[in-house]
Amino acid sequence: MTLAEGIRRRGFRKWYERELLIGHSHLALLLFCALGLMMALEAAFRFRTLTDQLIDGVAVLVCAGAGLWALRRYLFLLMRAESLAHQADCPGCGAYGRLELVDPAAAGDAVAVRCKRCAHEWRIEG
Ligand SMILES: [Zn+2]
């Protein structure tokens, strides 16, 4: 979900909270993939038939691929959320995260926002 869509639907703070939750769910997936990879590698030494070894090889590839994807997605979501959160302080009054879109039809992660407390406008770019 882009920043503009998140602010429009839930507000900045809820958007930020959801981004962190989604990011950390990818971290949990990464941990499960690491466990699956270790189990598959350990099983590789026990299987003797070609079919079992092939299935185990597929499990290793799936766990490694999904784990790398989850790690990349986790880092992306966390870095983007943190980058945008650092820009959420109002330069006018210092209020954190109390902002709304200047243009209600805005899209993407680069948007003009307005403080709900003092109506100061600034731009947030992801
Ligand atoms: Zn303000």
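This is a predicted model: local features need pLDDT of at least 70, side-chain atom pairs count only at pLDDT 80 or more; totals for chains, interfaces and linings use all residues.

Q: What makes Pro91 count as exposed or buried?
A: Pro91 has 11 other C-beta atoms within 10 Å, so it is exposed. Residues are numbered from 1 along each chain as its sequence is written.

Q: Where is Pro91, and which residues does Pro91 touch?
A: Pro91 sits in the loop between α3 and β1. Leaving aside residues up to four places away in sequence, Pro91 touches His120 and Trp122; contact here means C-beta atoms, placed from the backbone, within 7 Å.

Q: Why is α2 called roughly antiparallel to α3?
A: Helix α2 (residues 12-44) packs with helix α3 (residues 50-85) at an angle of about 160°, their axes being 7 Å apart. That makes α2 roughly antiparallel to α3, since angles over 145 degrees count as roughly antiparallel, under 35 as roughly parallel, 65 to 115 as roughly perpendicular and the rest as oblique. Axes are lines fitted to C-alpha atoms, for helices over the stretch in contact, and angles run from 0 to 180 degrees between N-to-C directions.

Q: How do you know which elements the chain has?
A: Helices (H or I, at least four residues) and strands (E, at least two) are DSSP runs, numbered from the N terminus. The chain has three helices and three strands, running α-α-α-β-β-β from the N terminus on.

Q: What tells you whether the chain is spread out or a compact globule?
A: The radius of gyration is 21 Å, well over the 14 Å that the globule rule gives for 126 residues, so the chain is more spread out than a compact globule. This radius is taken over C-alpha atoms, and the rule is 2.2 Å times the number of residues to the power 0.38. Along its principal axes the C-alpha trace spans about 70 × 25 × 20 Å.

Q: What makes β2 and β3 a pair?
A: Two strands pair if DSSP finds at least two bridges between them. Strand β2 (residues 110-115) and β3 have five bridges, in the antiparallel sense.

Notes:
A residue is buried if 20 or more other C-beta atoms lie within 10 Å of its own, exposed if 12 or fewer, and partly exposed in between; C-beta atoms are placed from the backbone. Two residues are in contact if their C-beta atoms, placed from the backbone, lie within 7 Å.
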